[in-house]
Amino acid sequence: MNALRYIFIHDAKNKLIELRRKPGKLILYLLVIAAIAAVVLLSVLQDSVSDSYMDILWLQAVLMAFFLFTVFVSIKQGLAKGTTLFKMEDVNFLFVSPLNPRAILLHGVIRMMKTTILSSIFILFNSVTLRDMFGVSFSGVLLVFSAFVLTSVVSQLLTLVIYSQTNSRPSRQRFVKILTTVAFAPLVIGILWHINAAGMDVTAGLLEFMGTPIASFTPVVGWAAAGAIAFITGQYVIGALFFGITFAAGAALIAVIYIGNPDYYEDVLVATETAFEKTRDIAEGNIEVATASDKKVKVKATGVSGYGASAIFHRHIREAFRVNRFGLWGVSTGVLVVSAAVYALISNRIGYEGAEHLLTLLVMIMVAQFFMAGTGRGVKDSYSHYIYMIPESPLKKLIWSNLEVIFRVAVQNALVFVVAGIILGSNLMLIVLSIVVSTLLSFLIISISFLSMRFTGSHMSIGILSMIYILAIIIVLLPGIAGAIIAGVFIDNGAIYVSLVILAVWELIAGLGCFAASKGVLHNCDIPSLRQMGGGN
Amino acid sequence: MIKVRNLTKKYGKLTANDGINLTVNAGETAILLGPNGAGKSTLIKSICGLLRFSGEVTIDGYDCRSLEAKRLMGYVPEIPTPFPMLTVAEHLEFIARAYKLSDWQGRADALLQRFELDDKRNKLGKELSKGMQQKISVCCALLPEPKVVIFDEPLVGLDPHGIRELKAVVSELRDAGKALIVSTHIIDSVEDSWDTTLIMNKGRFAREIRRSEQFGDDLEQIYFSIIDEGKASEVEEGAE
């Protein structure tokens, strides 16, 4: 049997056999499959709750925004350090073997496609939302999924081509930057032009622009988005054309690597080794170094304040200001606030009550926090011995080490809801309550993460247990949500406010309870490790 | 100073440490020798209060998880985990503040100089090589002047100068009356700086050798006779 085919088949076979030895993992996979099946069935069998849908061009705009982000990250990576098409075992075993380098490249591309398909599955979870907002059937969701996979694969190939063609060649790097500007400038100019033409009405201008050929013909991002939308709206020939161009672009990129540079080993080595180092650091518990940015940092102000456990918080602040000049609030905060503003602007045009939209935004922010709150510096600290060895009370250390994330979320949510609330014309009480509810949710989520550490020996917010962790958050939240709904049903005046107060109080009580129950995690528990066993031996 | 009584640590069905007893007095160095997977790191982490276990571990009479014990203990882990966005000097300042130390600056300067880090004060943790990271780890552990210092494979990744300095530091700490535990699987690295050598295999002490005893063969021969014996009995059990 061909060596590469042998690896491919046996790798898949051994992964299946491994599931027999790890029933937890098997159950988790089954749960994910069941959840996808349930969402798919819901979207197919249940009637849509909406009788009017948003313009399908908005879906095209959202897809383009996602794809733009993917492609820009790929170009940036390509100019900096390449991609991780290969693994260290490929370098150590395949690169030194007498196998054809082109066959090895194909092996890497196929494996990358497999990973991309698996990681794009989250789109299927949005079947119901896509149906209710845009009237998209399940087959339409599959088309969106295909566009996602196609763009992701092309993006990764683009990274590899850019890296291999421009590595250590500044003039070529400049050329790629110019080419990128030329390719995407019409998009920016077109959007600004149409917004101006619509009398500075952002939503009208954006919608107008999405209907133009400039949007559809923007390289890769426009093609894939337009292809999916054309298929969904029944324009099969146009859809096939756009998907065909995107596919051809991917094929052309493979051809460039395949024909142009069979000696690509050196080009991919640095990225592969860097990725391997990071994975090893995480497995060894050196999670802080593994997740640190590669960006060059200029050290200006120095020193750490605080005394006792509070030194942990002050250390976090020093680190945060090293990472970016705005400290705890970086690009993600900016993106969140701008997204909330755009959402509020679009919602204003649809014409529902402001309160409804602010509450929808609150739900979206709360869901986003499910995935983000467990990634603070306090959680990372618990993978290092320092925090355990500091001679301070475990509860004090727990509070000071997580204050950073609560502080960050409180300010971030204040910005989001004040901006969106002003645009939507919401009243002050609703804005304040939204900030309180969303911030207290972060508090609750962190407390659940530490409680999970006490009982499972690891943070459920990280790794394959994260699905169960999300389920745990929902279960802990349920009494608060139930109380809020009951209050909403039985109270005539100011039901929204009473419901939000009930939810906030519950989040606070449950969070305090979880923290109190988990205070022993920094005193009497196994230091978590992302490796199977706690120690080296 | 360090007393371990009947320590057992299990990971599911696997017993990593099985009924370990150990005493290290002030001014003594105990060496943990053993192959990969013998249970050395698990024992060290348990003594430092980083793992749950059954049994009893005390540091100068205090439970190893108490604040009093933590004030007395310094720990150098097998894998250094510096803070990527703190400078070398800030690592020591952070430790000094978190441990509420006074008059620490002079000691910090001396440590940085000794481990050739004084010209790298403003280097970030993420910019350091593995060896430098290990040196920072040693400096952080020694800054609070602990009475007990526990080293887990401390020489891995160090350059020759670092190895020489660390060996000297271990001797000085012992002479200053500290109790030390050093784990290693490199026998050559410990030949002249120990009072007790504990050879670990399969989670147990296979043999305890005191330097004052007449133990005949050299450490390497004793070590391999024990490990090979263990492997042979494993094969026999398998055959039965």
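**Reading the loop at Lys100(B)**

Guide: Let's start in chain B, where Lys100(B) sits in the loop between α3 (88-98) and α4 (105-114). Helices here (H or I, at least four residues) and strands (E, at least two) are DSSP runs, numbered from the N terminus. This is a predicted model, in which local features need pLDDT of at least 70, side-chain atom pairs count only at pLDDT 80 or more, and totals for chains, interfaces and linings use all residues. Residues are numbered from 1 along each chain as its sequence is written, while chains are lettered from A and ligands numbered from 1 in the order in which they are written.

Visitor: What is phi like at Lys100(B), positive or negative?

Guide: Most residues other than glycine have a negative phi. Lys100(B) is not a glycine, yet its phi is positive, about 55 degrees. Asn6(B), also not a glycine, has a positive phi near 55 degrees, and it lies in strand β1 (residues 2-11) of chain B.

Visitor: Why does Asn6(B) count as exposed?

Guide: A residue is buried if 20 or more other C-beta atoms (placed from the backbone) lie within 10 Å of its own, exposed if 12 or fewer, and partly exposed in between. Asn6(B) counts as exposed because it has 12 C-beta neighbours inside 10 Å. Lys100(B) has 16, so it counts as partly exposed.

Visitor: How many residues of helix α1 of chain B are buried?

Guide: Eight of the eight residues in α1 (residues 40-47) are buried, including Leu43(B) and Ile44(B). After α1(B) comes Gly49(B), with a positive phi near 75 degrees.
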